[in-house]
Amino acid sequence: MTRYDADVVVVGSGPAGATAARLLAGWGISVLLIEKLRLPRYKPCGGAITKRTIQLLAPLDISPVVETWVHKLTVQSPDGDSFTVDLPDQLIATVMRDKFDTYLADAAIVAGAKLKTQEQVLRCEQINEGMEIVTTKQTYRSLLLIGADGANSVVAQQLGLKPKRRAFSLVAELATEAKERWDGNIHLYFPIAFNGYAWCFPKGKHLSAGLYTHLRFVPGWRDWLYRYLASFELHDCLDWRKVKGHIIPIADKNSSFHRGNAIVAGDAAGVADPFTGEGISWAIYTGRMAAAFARAFLEGERDALVDYTRAVHEEVLGEMKAAHWFARILFTFPQFCCQHFLCREPVLRNFARLLGGEVSYRQLWQKALRKGLLLFMNS
Ligand SMILES: Cc1cc2nc3c(=O)[nH]c(=O)nc-3n(C[C@H](O)[C@H](O)[C@H](O)COP(=O)(O)OP(=O)(O)OC[C@H]3O[C@@H](n4cnc5c(N)ncnc54)[C@H](O)[C@@H]3O)c2cc1C
């Protein structure tokens, strides 16, 4: 009879993996969480988290690792016009991912998960009724595997679940003087022919700024970033050695999120928002789903993993599709959209609520279509 090291092995201790491990361990299921790096580890990320993220993590209180609460949102159009709205309290916060992710991993340990760090998963395969996971140190067996190992997921790769589409984002951590010259808001700039946007977010003692794009390659991205920062006189705070980029995988309608006794969550599943690149809340959301369906599977529901794929399609990809259309329109016609829609106070307020996760893309589309229909009927 096969001996298992844990009921569930979770690969990757980012928001998706740590959340899945915390919930499973809290339900009394034995969990082994495997992380290739030593914690805390730096992760290139804007670290903007939304009210929705905070609600998804409750009752875990993340206030000890919040860098700052954001009080204003500024959107800038290609021609340079910008528009600012005040944000409701506690809608958007920023975190540094080294502290935030370690906090989530610690919470998983407190719940009863066993964490192994500096151990990289190299391979995984189905064996009999479970999974075999080969790391740089050891071979483990578990009844179920959750791949939450991020954008370059080995688990997704090995199981043929790798998302086909991708966006790209890069971040520059700016020197502390930058913070003093900044008024503490989130700034988004939608240039022409960039298929994305430039952003600047306040952190506790410094600023993070960067670019997000759907393009495979942005010619002259260094000049872009330099000019963007120069427009705020922040270019002298830029240290090119501290500029890091990464792909953000994006799933599509043909994606599957399970194979055999394994499922994928977070960036490994490609569930980041294709409009904003915001992936933390979706990583946590699918981490929670992965835990719930894993529990059902362990309790004997044989179709639970197929149901997981179905549920991710219904609950997450439907929203991603709506976000994708948003991105297509705004990134293709940024000047028109900013001038006629986005840079108007009621729209920008709704946009802020969307960024904060208070309304969904689908709700926003419905609202826009209803308004369009009313205008049409009144014309
Ligand atoms: C520049 C940039 C800016 C971004 N800004 C934002 C933002 O402001 N807000 C937002 O919500 N999202 C943002 N994102 C997206 C966000 O970072 C990701 O969507 C999110 O981190 C996904 O979480 P995850 O848990 O799925 O994966 P990750 O956070 O990537 O965690 C995966 C973990 O798995 C570990 N791992 C990887 N391979 C292995 C292996 N083989 N064996 C063991 N462990 C392994 C990694 O070390 C890592 O700790 C940004 C992304 C980029 C690139």
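**Exercise 1. Determine which residues of helix H6 are buried and how they are arranged around its axis.**

Solution. Helix H6 covers residues 221-230, and its buried residues are Leu225, Tyr228 and Leu229. A residue is buried if 20 or more other C-beta atoms lie within 10 Å of its own, exposed if 12 or fewer, and partly exposed in between, with C-beta atoms placed from the backbone. Because Leu225, Tyr228 and Leu229 cover an arc of only 95° around the axis, they lie on the same side of H6; the arc is that of the directions from the helix axis to the C-beta atoms. Against these residues pack strand E12 (165-174), strand E13 (186-189), strand E14 (196-202) and strand E15 (207-213). Helices (H or I, at least four residues) and strands (E, at least two) are DSSP runs, numbered from the N terminus.

The model is predicted: local features need pLDDT of at least 70, side-chain atom pairs count only at pLDDT 80 or more, and totals for chains, interfaces and linings use all residues. Residues are numbered from 1 along each chain as its sequence is written.

**Exercise 2. Describe the length, buried side and surroundings of helix H3.**

Solution. First, the length: H3 (residues 97-111) has 15 residues and reaches 21 Å from its first C-alpha to its last, close to the expected 21 Å. That expectation is 1.5 Å times one less than the number of residues. Second, the buried residues of H3 are Phe100, Asp101, Leu104, Ala105, Ala107 and Ala108. They share one side of H3, because their arc around the axis is only 150°. Third, their cover includes helix H1 (15-26), strand E2 (31-34) and strand E8 (114-116). Contact here requires C-beta atoms, placed from the backbone, within 7 Å.

**Exercise 3. Characterise the shell around the ligand.**

Solution. Of the 40 residues around the ligand, Gly12, Gly14, Gly46, Gly266 and Gly279 come nearest; a residue is near if its C-beta atom, placed from the backbone, lies within 6 Å. By class, the shell has 19 nonpolar, 15 polar and 6 charged residues. Ala, Val, Leu, Ile, Met, Phe, Trp, Tyr, Cys and Pro count as nonpolar, Asp, Glu, Lys and Arg as charged, and the others, Gly among them, as polar. At least two shell residues each come from H1, E12, strand E16 (243-250) and helix H7 (280-298).

**Exercise 4. State the secondary structure content and burial of the chain.**

Solution. The chain contains 11 helices and 18 strands. Of its 379 residues, 47% are buried.

Conventions:
Contact = placed C-beta atoms within 7 Å.
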